[in-house]
Every structure is written in C-alpha cells, then in structure tokens.
Amino acid sequence: MIEQKLKDIKNRAAEIESLMNSGQVSGAELTKLSKEYSRLSEILPIVSEYFQIQSGIADANAMIREPELKIMAEEQLSEFKKLLPEVEQKLQIALLPKDDADDHSVIVEIRAGVGGEESALFAFDLFQQYKSYALRHGWKIEIIEENATSLRGYKEIIFKVDGRGAYARFKFESGIHRVQRVPETEASGRIHTSAASVAVMPEAEDIDVVVEEKDLRIDTFRAQGAGGQHVNKTDSAVRITHLPTGIVVSSQNERSQIQNRAYCMAMLRSKLYEKQRIEQENSSNASRKSMVGSGDRSEKIRTYNFPEQRVTDHRIKLTLYKLEDILAGGEGLDEMIDALTAADHLEQLASLR
C-alpha cells in the first residue's frame, strides 16, 4: 500500500507539471497547483531514496544466490536494511498532513503583561530577538503598530515577518513568555518575574479570506506618539471594525492613511484567517491535545532565567543554557524551534497509529 501511495505521488507531480506547462490553467487554479507541486517536490527526493533502497535490497537478495557474490551481497543487504528505517521515518513525517499556512509570512503581536515597566522592557527584548532571528533567515521585518514607553520598552508592538516559511518557524511562539532577572529599575538587586504575551498569525493570502466592504466600519483619527503627543496634524491613523465578528484592528505607524489602511486590512484578514483555522482544527482534531500547546496567548510556554543563563520551554520540558544566544535570535532559538517541531511531528505520528 505504501509503495502504491508513493507511486501515486510521483504520478501526481508529473501530472501537475504537465498542466502548469500546458498554458491551459491560470489565476487561482494555477496558484493552487503551484502550491501542491511545491509540497510534492519536497517529498519526491525522499520517495526516490526509498525506491533506491528497495531496489538495492532486491538486487542484493538476487546476488546472494551466486556463491562468488554472496559475501558482497550480504554486506550490501545489511547496509540497505540499516538505512531503510531512517528513510521510512523521514517518509512518515513528510507524508503527515501539512499545515497550509506553513509557507506564509506572519504577523506577530507582543504585549507587555504583569510586571509594569520591566514587562515592557522584556517585550522590547522579545521583539529584538524575533527581528534578529528573521533577518538571519533572510526575512523582512515591517512594524505595523507600536506603543513605546519612556524607557525604550513596548506596551505593545505588532509587526510582520515577510518571507516564505516564516509561519512554520514562528508558529510555536504564541503564548506567555516569562523573564526572571534584576530589572533596570530595581535598586535593591532583587530578582523579579514578569511576562509578555506573544501571538503569531499567518498572513492571509487573497485566496484564503474574502472580506466584504459592507462588513467594515472604518474610522480615521490623528496619529499620536508616546504620552499622547501628536505626531502629525492629519487624520492618518486608521481603525477598522469587522462588524460580523467584532474584531478591531488599528494602525497609526505610517504617515499615510492609505498605508495604515493597508496594514489594517492585512491584520484583519490574518485574524479572520486564524479564527477560521482554529474553528476547523477544533472540529477535526477534537481528540488531539497538542503537547506543544494550543497557540493560546494565555498559555505559559517559556521562561528566560537570567541568573542561571537558561531558557526553559515548559511544553516539551527542554532547558538550554544559551540565554544570550537565544535572545539574540541565534542558533539556540533554532534548536528550540526544531525540538518543538519534532515533538509536534511525533505526536501527529502517534495519533495516526
């Protein structure tokens, strides 16, 4: 059965390639086919490797019957049988249902929580961490909305990470992040615990969500800076309310009302897309409780402990003593994200058995 499924994958990839080269499809259908082909292209090398190993096993079994080739055939057979389980495991993971949003760009919201100014400073640190991580991966950062404090912290910051595959790397970051350290504002040297919340949403594409103009209430107002100081004298800030759901988004970071409206629409579409995805997941995966979390921003997921230079992810019980590297968006953060991705794959595999 598995071999027939793999042959079907090869045939489907060839069929899609032929369709796309025929010039007979265009628009939304071509976009859909391109996505499917991209997905299959990731699996095809593993499929080829699997069939090469199976062919090698068959050849070795045939050679064993020849006395002069028996020793060499047995060595080859042993080697192929060692490789097979590893390739089968890679195939199992590759064939798992793929999150359609994994290739999307993301919109990230960071909000200061308990801890006052120290929480706002930690929100700033988290933004710098994600900004450095995104730039290291070749993605672009765009700030949509920010509410800064007088000590360079953030009460709130909303930004976009623009790049293919961003959501696959950011999606496990949603939740409560805690920090344990001596605050800059603490004179006595006591360690405080404060927190900030992170929400990650895939950016919706045109084919994901349709927003009707009649469902929107659009308000404009003057953009303001920190402390209520006016930063311009025109109504450039925009607030959009989606009437059917009550979702409200706003942007005042750009001087142009047109730009702020565009950012608002991008945020609104992403929030509607995420709402739609959650509803679908709740109905189809009611029996699966993910070990890496639900993505709920109220869920405590990670602690950054400065005195011990450690970062602990509570969902998978992983502790790395690489705090500076992780906060710098370095390889330590990749190691953490890789572990979360692997844990999610293992749980999905277990649920299929």
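## Helices 2 and 3

Helix 2 and helix 3 of this predicted model are roughly antiparallel to each other, because their angle is over 145 degrees. Helix 2 covers residues 27–63 and helix 3 covers residues 70–94; they pack at an angle of about 155°, with their axes 8 Å apart. By class, the contact of helix 2 with helix 3 has 17 nonpolar, four polar and five charged residues. Here Ala, Val, Leu, Ile, Met, Phe, Trp, Tyr, Cys and Pro count as nonpolar, Asp, Glu, Lys and Arg as charged, and the others, Gly among them, as polar. The crossing of helix 2 past helix 3 is left-handed, a term for a near helix turned anticlockwise from the far one by less than a right angle.

The axes are lines fitted to C-alpha atoms, for helices over the stretch in contact, and angles run from 0 to 180 degrees between N-to-C directions. Helices (H or I, at least four residues) and strands (E, at least two) are DSSP runs, numbered from the N terminus.

Helix 1 passes helix 2 in a left-handed crossing.

Ile64 is in the loop between helix 2 and helix 3. Ile64 has a relative accessible area of 23% and is partly exposed; buried means under 20%, exposed over 50%, and partly exposed in between (1.4 Å probe, protein chains only). The C-alpha atoms of Ile64 and Ala123 are 65 Å from each other, with the two residues 59 apart along the chain.

## Aromatic rings

The whole structure contains nine aromatic pairs. Rings of Phe, Tyr and Trp (its six-membered ring) pair if their centres lie within 6.5 Å; planes under 30 degrees apart count as stacked, over 60 as edge-to-face and the rest as tilted. Phe127 and Phe159 form an edge-to-face pair, at 5.0 Å centre to centre and 70° between the planes. Phe127 belongs to helix 4 (residues 116–136) and Phe159 to strand 3 (residues 154–162), 32 residues apart. Both Phe127 and Phe159 are buried. Ring pairs join Phe124, Phe127, Tyr154 and Phe159 into a cluster.

Two arginines lie over rings. The charged end of Arg181 sits over Phe306, 4.9 Å from the ring centre, and Arg277 lies over the face of Tyr273 at 5.6 Å. A charge sits over a ring if NZ of Lys or CZ of Arg is within 6 Å of the ring centre and within 35 degrees of the ring normal.

## Positive phi

Most residues other than glycine have a negative phi. Arg152, in the loop between strand 2 (140–148) and strand 3, has a positive phi near 65°. Arg152 is partly exposed at 41% relative accessibility.

Gln309 has a positive phi near 55° and lies in the loop between strand 9 (300–305) and strand 10 (310–313). Its relative accessibility of 29% counts as partly exposed.

## The whole chain

The chain has eight helices and 11 strands. Its C-alpha trace spans about 90 × 60 × 35 Å along the principal axes. Of the 353 residues, 42% are buried.

Residues are numbered from 1 along each chain as its sequence is written, and side-chain values use heavy atoms, with hydrogens and water left out. In this predicted model local features need pLDDT of at least 70 and side-chain atom pairs count only at pLDDT 80 or more, while totals for chains, interfaces and linings use all residues.

How values were computed:
Parallel < 35°, antiparallel > 145°, perpendicular 65-115°, else oblique.
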